[in-house]
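This briefing sets out selected structural features of one protein chain.

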Amino acid sequence: MMQVSDDANDTFPRILQTLADLMSQHTDNRQIDGKNLSQCDEELGALRSVQRQLERRVALVCQKRNTFASVNALPPELLVTIYKIVIDSEPVQVWFDLEMLMLVCHRWNHLLNHTPPLWTKIQKSAQIPDAVIIRALEMSKDAPLEIDYGGISGRRARERQQAFLSIIFPHVHRWRKAVLRIQGAAQALEPMTSLSAPLLESLSLWASDDPAARDEPLDIFGGRPPPRLRELSLNRISVAWSPKTLCNLKALELTSIDQLAPSLDQLLTILPASPSLESLSIVSVTFSGGASAFIPNPIYMPTLGKLSLEVISPEVISRILAAIHAPRCKFGSLRPTIPLDPFETLFIPEVSHFFDHFRSGASASSFYCGGSEAMVSWDGPWNIVLRVENIRMAKRVLDWLSVSPEPTSPAVPLHLTIAEVDPLSVEDIVAVMTDTEAVQRIEFGYHAPLAGLAAGGLVEGRARMPFPGLKEISIRKRLDDDEWETLLRVFRSRHGGFEARDGDQRLNPLRSLELGENWHVEDEGSSIAEFKSIHWPNRLEEIRRLLGHDGKLRWYRWIVAEDGTLEEQPGLWRYD
């Protein structure tokens, strides 16, 4: 145990006594005068009153001064429009944007607090407390709402989810758009079966779990479809598959529905109930009863512009394509669940009406080599992509797509993308495609070797003209010395004659060469140094000359001028 000295024991009492003497002396010398204290309080009160008056006066003068600011010369309607643009530009920070805008000045604060439409975006996440949601609902008054619930995870997630839903369900009569991503199964949406949403235009329902626990589909809105509902998206949500419930839609999306999924008969009954349907997406849906369905009279869909049928059986895809007639379908994709021969399931006489209309109107198509499945997708001006393992089958498909059923229509120009890494596979791809007249662009992927392009190669024992319509080559990888020599031979051959068995024929000269990635350079300095010290003028000067005055040579994100100068591409977005 620590020992305390006698000197220390004597010191502490002396200190305490000294402090006591000092406090006693101070109290004696300072007698409190009650009258003086009261006068001080009165004087302080008067000064504080003057201070408040001055603060109010300062605030009024500041407000008056702010009215001369140019932004405050704007009419309230225009300011509200600007606020909406700010809010819409940052959809994940609606609450933060509103709070910041209210701090700018008194006028803005007043305007924001008295404009209900600015409070109609109801966004809920784990970081946004329910109190903010309640305030927004109060501030929005009777304005139509846009609900976006992204789901809540973590402790008490289901409890917090139920609390949020209990807040917004009483306002369902004001919903205009709603996205609800539910944690768990669809049971949390059960109250919707007895609600009415007269203003609802767009509804998206997601569930994280399959609806296996339910014995019957979710009868949203009690079988009474909202009169204005035009967009419906269901993900792991099963509903009553009836044309009385699903009708008058412009967009329908069904995703990941296995339990209580519709039958093909039900789908073909639903589609005619939406004659103005513009977009139909069916992804990973297991149709009850499989592909056995009675094909009714053709379903004419004059407004359908986008169709996606993915991760469903090829037989179901064929049955759907056979049933619908959509002459304006310019966007979409077909991706069956298993590898297949497209000529056995997709390109059959029963569905020829679907493909013939875009074969005759196509202006571009693309071919992606390197996948293990068949996928047909088209985007905009008929950008047709096929991923198939068998290159010869791919060529059959491309030939079929590129030959228009209209005798006077020109052949469809094809864009060939090669992603294989095995040189022999690339040579086989090029060999099979080399006489395809429609190929106008070839792109070699990041690891695809430049193989099989040299002019004069023999394919299956006879000479062929290599890509007679080729105009553009794009190469993503770095080339070795042999590949540079191959590329130079290709360019030289396009400006001379090509001797074929049936006579001399001249190839079209190449007009574009792209080397490297277009939008991002890891080390800009080293890329430019490599160009100047290795490739110009040694290799690329001749290629630039052969491309001609109107040709284009791109080195990564720079355009190479005829004198070797590197110029920035106009309008190119840079990633720094």
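Two strands are taken to pair if DSSP finds at least two bridges between them. Helices (H or I, at least four residues) and strands (E, at least two) are DSSP runs, numbered from the N terminus. The model is a predicted one, in which local features need pLDDT of at least 70 and side-chain atom pairs count only at pLDDT 80 or more, while totals for chains, interfaces and linings use all residues. Residues are numbered from 1 along each chain as its sequence is written, and side-chain values use heavy atoms, with hydrogens and water left out.

**Overall composition**

- The protein chain contains 16 helices and 25 strands.
- Of its 576 residues, 43% count as buried, where buried means under 20% relative accessible area, exposed over 50% and partly exposed in between (1.4 Å probe, protein chains only).
- Among contacts (heavy atoms within 4.5 Å) in the protein chain with a separation of 6 or more, 69% are between residues 24 or more positions apart.

**Strand pairing**

- Strand β16 (residues 439-444) runs parallel to strand β19 (residues 472-475), and four bridges join the two.
- Within this pairing, I473 of β19 is the residue opposite I442.
- β19 is also joined by four bridges to strand β22 (residues 512-515), again in a parallel arrangement.
- Here E472 has S512 of β22 as its bridge partner.

**Helix packing**

- Helix α6 (residues 130-139) and helix α7 (residues 157-168) have axes that come within 11 Å and cross at roughly 5°; axes are lines fitted to C-alpha atoms, for helices over the stretch in contact, and angles run from 0 to 180 degrees between N-to-C directions.
- α6 and α7 are therefore roughly parallel to each other, given that angles under 35 degrees count as roughly parallel, over 145 as roughly antiparallel, 65 to 115 as roughly perpendicular and the rest as oblique.
- D130, I133, I134 and L137 of α6 make this contact with A163, F164, I167 and I168 of α7.
- Seven of the residues in the contact of α6 with α7 are nonpolar, none is polar and one is charged; Ala, Val, Leu, Ile, Met, Phe, Trp, Tyr, Cys and Pro count as nonpolar, Asp, Glu, Lys and Arg as charged, and the others, Gly among them, as polar.
- Helix α3 (residues 76-89) packs against helix α5 (residues 106-113) at an angle of about 80°, with the axes 11 Å apart, which makes α3 roughly perpendicular to α5.
- In that packing, P76, L79, V80 and Y83 of α3 meet R107, W108, L111 and L112 of α5, a set that divides into seven nonpolar, no polar and one charged.

- N235 belongs to strand β5 (residues 231-235) and is buried at 7% relative accessibility.
- Leaving aside residues up to four places away in sequence, N235 touches L205, W206, A207, T255 and S256.
- R236, in the loop between β5 and β6 (251-257), has a positive phi near 60° although R236 is not a glycine, and is partly exposed with a relative accessible area of 29%.
- F221, in the loop between β4 (202-207) and β5, likewise has a positive phi near 60° as a residue other than glycine, but is buried at 1% relative accessibility.

**Cis peptide and cysteines**

- The peptide bond joining W536 and P537 is cis, with omega about 5°, and P537 lies in the loop between α15 (524-535) and α16 (540-547).
- The disulfide count is zero, a disulfide being a pair of cysteine sulfur atoms within 2.5 Å.
- C247 is buried with a relative accessible area of 18%, and C329 is buried with a relative accessible area of 0%.
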